[in-house]
Amino acid sequence: MAYHTENETEHFDFEDAVISEIRQGLSTLHLFLDNVKILPENSTNRDIRTMRANGLDLAISGAKITAFVEEGYTVFDADGKLLREVPDREIPETEWQQAFSDLQAAALDGLAREGSTYRIAIRTEDHTARLEVTGDGDTEEWDRYLNL
């Protein structure tokens, strides 16, 4: 990859980024993302404006998934009458690979790092999910800058 940064998630805007693949290795979680915005303060951004990248590999090293939740929702009819409530559902580890596959083409509502915890908010056409991962650090790699 032509560009490489380490521990710079705060210098990217992941809102509306699209997941092309999530790959879990022995100690690394890879998120392959399109439409990631690269902020001007990013160490590799020589431009003074926000740019974007496709095919960005966000790799979290020493990754441990601490929570993977399909978020619940409430359905009302047109008159505001409650039709049903669906609670949050913790996705069991045995279903993670299938869930990763199902999330291809889903968009991110955001990605935030607080200390060693990464909180990833994901939305599909009909539901949302929350992935929380602890890790030792992260790297971001991509091939080229694109205009926004």
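This report describes strand pairing in a predicted model and the setting of one lysine.

## Basis of the model

The model is predicted, with local features needing pLDDT of at least 70 and side-chain atom pairs counting only at pLDDT 80 or more, while totals for chains, interfaces and linings use all residues. Residues are numbered from 1 along each chain as its sequence is written, and side-chain values use heavy atoms, with hydrogens and water left out.

## Strand S8 and its partners

Strands here are DSSP runs of E with at least two residues, numbered from the N terminus, and two strands pair if DSSP finds at least two bridges between them. Strand S8 (residues 64–70) pairs with strand S14 (residues 128–134) in the antiparallel sense over 6 bridges, and within this pairing alanine 67 has glutamate 132 of S14 as its bridge partner.

## Lysine 64

Lysine 64 lies in strand S8, and it counts as exposed because its relative accessibility is 59%, where exposed means over 50% relative accessible area (1.4 Å probe, protein chains only). Leaving aside residues up to four places away in sequence, lysine 64 touches Glu132, Val133 and Thr134, a contact being heavy atoms within 4.5 Å. Its C-alpha atom is separated by 9.7 Å from that of aspartate 136, which is 72 residues apart from it along the chain.

S2 is joined to strand S5 (residues 36–38) by 2 bridges, and aspartate 13 stands opposite lysine 37 in S5.

Technical notes: Helix = DSSP H or I, 4+ residues; strand = E, 2+ residues; numbered from the N terminus. Buried < 20%, exposed > 50% of the residue type's maximum accessible area, 1.4 Å probe, protein only.
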